[in-house]
Amino acid sequence: MNVERLHLRDYETAEELWSLQLAAYRVEAAAIGVADLPPLLDTIASLRGSGETFWGCRNEEGELVGAVSTKEAEGVVTICRVMVQPEYFRQGIGKRLLEHVLNLYADAGRFELSVERRNGPAIGLYRKLGFVPYGKIEPLPDISLVRMVKERGKQP
């Protein structure tokens, strides 16, 4: 599977991404016991207006099975979303997307992301890629995020 840039100006692509996000984050919401996880409240319009840059992986049939999004400012790349179709979990798609982003932003000095503290598989993947925890935030009463960072040049 190749990683490709997703252009959300195309409504069908935006709709595919929204559908993927709902499927992926419903699994996370169920696993951590939070029904109203913020990504589940997004709409196609809010995704299109997010200001994020999206990349995705498609299967052999051309279906979008994974995506990642970023924002970049002053040498810092924030990884905003990582999502994989549930039937494709544990097949290396999330890792492939993240490695694509890490390689794409060759001049970035720092990468940041946040992950719900109860999402063990995601935290494990981020650690394998060299991310380390550096703080916590609680944006909502029943959501606790671990902030993680990877400094350029530091290996896992």
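First, the ground rules. The model is predicted, so local features need pLDDT of at least 70 and side-chain atom pairs count only at pLDDT 80 or more, while totals for chains, interfaces and linings use all residues. Residues are numbered from 1 along each chain as its sequence is written, and side-chain values use heavy atoms, with hydrogens and water left out.

Start with the fold. The protein has four helices and seven strands. Helices (H or I, at least four residues) and strands (E, at least two) are DSSP runs, numbered from the N terminus. The order along the sequence is β-α-α-β-β-β-α-β-α-β-β. The radius of gyration is 15 Å, close to the 15 Å from the globule rule for 156 residues, so the protein is as compact as a globular protein of that length. That radius is taken over C-alpha atoms, and the globule rule is 2.2 Å times the number of residues to the power 0.38. The C-alpha trace spans about 35 × 35 × 30 Å along its principal axes.

How much is buried? Of the 156 residues, 45% count as buried. Buried means under 20% relative accessible area, exposed means over 50%, and partly exposed is in between (1.4 Å probe, protein chains only). The areas come from the Shrake-Rupley method. Take V77, in strand β4. V77 has 0% relative accessibility, so it counts as buried. Its C-alpha atom is separated by 17 Å from that of G135, 58 residues apart along the chain.

Now the salt bridges. The rule: a side-chain nitrogen of Lys or Arg within 4 Å of a carboxyl oxygen of Asp or Glu. The count is eight.

One joins R58 and E16, at 2.8 Å, N to O. R58 is in strand β2 (residues 53-58) and E16 in helix α1 (residues 11-32), so this pair ties together parts 42 residues apart in sequence. R58 is buried at 18% relative accessible area. E16 is partly exposed at 29%.

Another pairs E52 with R81, with the closest N and O atoms 2.7 Å apart. E52 sits in the loop between α2 (44-48) and β2, R81 in strand β4, and 29 residues separate these distant parts of the chain. Both ends are buried: E52 at 16%, R81 at 11%.

Next, R110 and E151, at 2.5 Å, N to O. This pair links strand β5 (residues 110-116), which holds R110, to strand β7 (residues 143-151), which holds E151, 41 residues apart. R110 is partly exposed at 21%, and so is E151 at 26%. Salt bridges with shared partners also join E4, E16 and R58 into one network.

On to the loops. Most residues other than glycine have a negative phi. Which way does E74 go, positive or negative? Positive, with phi near 50 degrees. E74 lies in the loop between β3 (64-73) and β4, and is exposed at 82%. R90 also has a positive phi, about 65 degrees, and is not a glycine. R90 is in the loop between β4 and α3, exposed at 75%.

Last, the surface. E60, E61, E63 and E87 form a negative patch. Patch residues have over 30% relative accessible area and no salt bridge; like charges are joined within 9 Å, nonpolar side chains (Val, Leu, Ile, Met, Phe, Trp, Tyr) within 5 Å. Asp and Glu count as negative, and the charge of Glu is placed at CD. E87 is in the loop between β4 (76-84) and α3 (93-104), exposed at 55%.

Technical notes:
Areas by Shrake-Rupley, 256 points an atom, 1.4 Å probe, with all protein chains shown as cover.
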